[in-house]
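Below is a short briefing on one protein chain.

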Amino acid sequence: TDAQGVVIELGGPIDRHDRRATAIARLGVDLSERAVGTTAIGATLSELQPVWLHRGEHFFDDTAIYSCAGAPVIGPDGRCAGMLDLTGILVPERPALRHLVAQSARRIENALVQAQPHHLLLRLGWPGQTLGGDGDGLLAVARDGLITGFNPPAADMLGLSQATPQALDALFAIEQGHLFDLARHPGQALEVPLWSGLRLQVMTQAVHMPSLSAGQPLAPSSRGMAAGGPLRDVEDALIRRTVQDLRGNVAAAAKALGISRATVYRKLGKKG
């Protein structure tokens with residue numbers, strides 16, 4: 001859903017002959033708490049935390065047939081962009097789905113950061129942590145050192161918020177030129193001090209997307225994000241742009257985005 005709880009994209013098996021499924025699995029239907037009472041959708045958007053709601057934990061009897069796992073999707077500006085929900089009808093208790101949906105939401109968040117205009121993409125982790133996974137902090141950085149996007153792990157490591165001045169030299173206790181020099185050695189991690197006294201490992205993203213350099217017009221996905229466009233449009237535009245930037249190499253695009261090649265082909269085919 002979007003940040004208001006309105007369904008903007010559907011996926012997975014949906015029994016169109018089951019009224020209980022079609023009641024919620026429809027584009028544009030409002031599943032916010034004000035519309036349908038307590039569900040994983042409303043709880044996730046209110047608490048901004050992954051949740052699992054099973055059967056009778058829903059507020060109304062009409063929604064007690066559903067079991068839902070939900071996780072928020074935080075945009076590259078630190079604001080809630082929407083949420084991801086998994087719903088089953090009369091299914092067993094499966095609280096582990098909360099972890100699954102949270103991991104899936106993290107991949108969406110990382111893709112949104114990579115869709116921001118940037119000259120440098122930094123991966124962050126604590127000393128001793130192996131970088132290169134979905135749990136890395138991500139910073140999209142313009143040529144002048146201003147941060148154009150970040151994911152929740154980066155926000156936690158660096159104390160970032162919507163109100164924090166987003167500049168590298170306000171966070172790292174080294175000249176920002178040293179961080180840009182890392183771009184010449186993709187995959188090589190450097191331990192960097194913060195002004196807080198802590199230290200982080202920093203590594204540049206191996207796949208560089210030059211068309212998203214600072215000073216150029218925003219990519220279609222970034223324009224959609226700035227205008228509050230649906231998450232599905234942001235996702236589709238990011239996939240198409242990444243494939244173009246990598247000169248049609250679908251395998252490389254899938255790896256860069258952390259999704260399967262089948263998903264890339266499906267999204268490309270949907271847009272012709």
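**Overall picture**

Of the 272 residues in the protein chain, 45% are buried (under 20% relative accessible area with a 1.4 Å probe, protein chains only; exposed is over 50%, and partly exposed lies in between). The model is predicted, local features need pLDDT of at least 70, side-chain atom pairs count only at pLDDT 80 or more, and totals for chains, interfaces and linings use all residues. Residues are numbered from 1 along each chain as its sequence is written, and side-chain values use heavy atoms, with hydrogens and water left out.

**Fold and surface**

- The protein chain has ten helices and eight strands, taken as DSSP runs (helices H or I, at least four residues; strands E, at least two) and numbered from the N terminus.
- Among contacts (heavy atoms within 4.5 Å) between residues at least 6 apart in sequence, 50% join residues at least 24 apart.
- The accessible surface comes to about 13,600 Å², and carbon and sulfur atoms hold 53% of that area (Shrake-Rupley method, 1.4 Å probe; for residues, only the protein chains shown count as cover).

**Confidence**

- The average pLDDT (the predictor's confidence in each residue, from 0 to 100) is 83, and 87% of the residues score at least 70.
- Residues 206-229 have a pLDDT below 50, and this stretch has 49 contacts in the model beyond near neighbours in sequence.

**Helix H3**

- Six of the eight residues of helix H3 (residues 40-47) are buried: Ala40, Ile41, Gly42, Ala43, Thr44 and Leu45.
- These buried residues pack against helix H2 (33-36), strand E1 (51-54), E2 and strand E3 (80-89).
- At the start of H3, a side-chain oxygen of Thr39 comes within 3.2 Å of the backbone nitrogen of Ile41.

**Arg123**

- Arg123 lies in strand E4 (residues 120-125) and is buried, at a relative accessible area of 12%.
- Its side chain makes a polar contact with the side chain of Asp136 at 2.9 Å (N or O atoms within 3.5 Å; within protein, one must be able to donate a hydrogen and the other to accept it, and residues adjacent in sequence count only if both atoms are side-chain atoms).
- The Arg123 side chain also reaches the backbone oxygen of Gly133, at 3.2 Å.
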